[in-house]
Amino acid sequence: MTKKVLMLAAKANMIQQFNHRNIKILQNLGYKVHVATNMADFGSMSAEENERFKQWMIDNDVIAHQIDFERRMGSLKGNIRSVKQLIKLFKEIDFTFVHVHSPLGSVLGRLVAKQFKVPAIYTAHGFHFFKGGPRSGWIFFYPLEWFFSFITDTLITINDEDYEVAKKYMHAKNIVKINGIGVGVEQAWRVTDEEKLIARRNVRKELNIPEDAVMMSSVGELSDRKNHKVVLEALKMMKPEQLKNIYYIIAGTGSNGEVLDDLAESFGFKDHFKLVGYRSDIQNINFSSDISIFPSLQEGLGVAGLEAAIDGVYLIGSDIRGIKDYILSDSIGVIFNPRNAKQLKNVLEKKIDANILNSKLNRSRLCQFDIKSVDRAMQKIYKNVKSTL
């Protein structure tokens, strides 16, 4: 009889963005994979992406179950409804184990799994409490994670800081660290210099950015958490003659676009600042950039910055967990306080005129973040759960 496993998250985007390969690993290990998530209120992806994800599950023989998880930590009424839906699902299907994600999904999923004596794997995609983070995270989320760690069989962390906190304070039977969700390090390094040059020329031509200009880029949602505002604040401190040959583009969507446009206009930088929206060619954006800036205030393991680094762009990233984990040397990039625009301005002035080299040799330590390395770690975790049953 085929063993069954449940992949669970509150919103479908968490499965779509981070778990395609985990599902395939489980299937290759002989499991029938079920997914429990909210596919009606599907989180931070487009409706088109949600439909593609649902079709992907059909095409790949994954059985989907609609659970009406609410946003954030939900309401009491909504969470009771979700728990009842999960209980019904667990009564109908004998799961070998469950792999839970997201704060709300992981809490309700582990609660029901414990009731049915089903082992639970939990991936923490960045604890909501961290050094330098808001006190509210430590007051609310730390006790929650601590309590539910007692009913967790394997706790997976994705950055050094979370791993150290988990080892010291959490009580899961097994605590492990993997290097994020995995990115295509080896694939990126197979791109030739000629291909990179073509991408650079095409993107700059499209965006009307001169070949000899300094192009800086950021990738991420236009939100307070992603903190793109600090980059413009740093540029505002620079002299007008310094800004003449500098362009800054952001690839992403969100509610802060107008605020960022207004800030750029306030110091005459509007013509050199471009919000390019959602892009499916982020690698080409990286190849066309001289500097990548990742100024986020909070990350689990920030993929956008990591991808820029492996694409060979010099990275200026926030001094926070989940970013400094992969800025492993000065040849890869430099970190700064994401709340200090003056410090960023000083870094930019120093790096813009420097002959920055981010070579494959210097980036060799980034191989630990490659898809193959992360997938091997996940396969080992799944096998270990399997072998204990």
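Predicted model: local features only at pLDDT ≥ 70, side-chain atom pairs only at ≥ 80, totals over all residues.
View 1. Residues are numbered from 1 along each chain as its sequence is written, and side-chain values use heavy atoms, with hydrogens and water left out. A cavity is a set of points, on a 1 Å grid over the protein atoms alone, where a 1.4 Å probe fits but cannot get out, and its lining residues have an atom within 4 Å of a point. Grid points are joined across faces, edges and corners, and the volume is the space filled by probe spheres set on the points. Lining this one are Ser218, Val219, Asn286, Ser292, Ile293, Phe294, Ala304, Gly305 and Ala308. Helices (H or I, at least four residues) and strands (E, at least two) are DSSP runs, numbered from the N terminus. Sorted by class, the lining has five nonpolar, four polar and no charged residues. Here Ala, Val, Leu, Ile, Met, Phe, Trp, Tyr, Cys and Pro count as nonpolar, Asp, Glu, Lys and Arg as charged, and the others, Gly among them, as polar.

**View 2. The largest cavity.** There are two cavities of 30 Å³ or more, and the largest holds about 120 Å³ of space. Of its 15 lining residues, Phe18, Asn22, Ile178, Gly180 and Ile181 are the closest to the centre. Helix H16 (371-387) gives the most to this lining, with three residues. By class, the lining of the largest cavity has six nonpolar, seven polar and two charged residues.

**View 3. Tyr326 in the largest nonpolar core.** A nonpolar core is a set of buried Ala, Val, Leu, Ile, Met, Phe, Trp, Tyr and Cys residues joined through side-chain atoms within 4.5 Å. Buried means under 20% relative accessible area and exposed over 50%, with partly exposed in between (1.4 Å probe, protein chains only). Of the 47 residues in the largest core, Tyr326 and Tyr382 touch the most other members. H16 gives the most to this core, with five residues. Leaving out residues up to four places away in sequence, Tyr326 touches Phe294, Leu301, Gly302, Gly305, Leu306, Leu315, Ile332, Leu366 and Phe369; contact means heavy atoms within 4.5 Å.

**View 4. Helix H4 and its cover.** Helix H4 (residues 76-92) has 17 residues and reaches 25 Å from its first C-alpha to its last, close to the 24 Å expected. That expected span is 1.5 Å times one less than the number of residues. Its buried residues are Gly78, Asn79, Ser82, Val83, Leu86, Ile87, Leu89 and Phe90. Among the elements covering them are strand E1 (4-11), strand E2 (32-38) and helix H5 (103-115).

**View 5. Two loop residues with a positive phi.** Most residues other than glycine have a negative phi. Arg72, in the loop between E3 and H4, has a positive phi of about 50°. Arg72 is exposed, because its relative accessible area is 77%. Asn227 also has a positive phi, about 65°, and lies in the loop between E8 and helix H10 (229-236). Asn227 counts as buried because its relative accessibility is 12%. Not counting residues up to four places away in sequence, Asn227 touches Pro295, Ser296, Leu297 and Pro338.

How values were computed. 1 Å grid on protein atoms, 1.4 Å probe; cavity = no way out; pocket = protein on both sides within 12 Å on 5 of 7 lines; lining within 4 Å.
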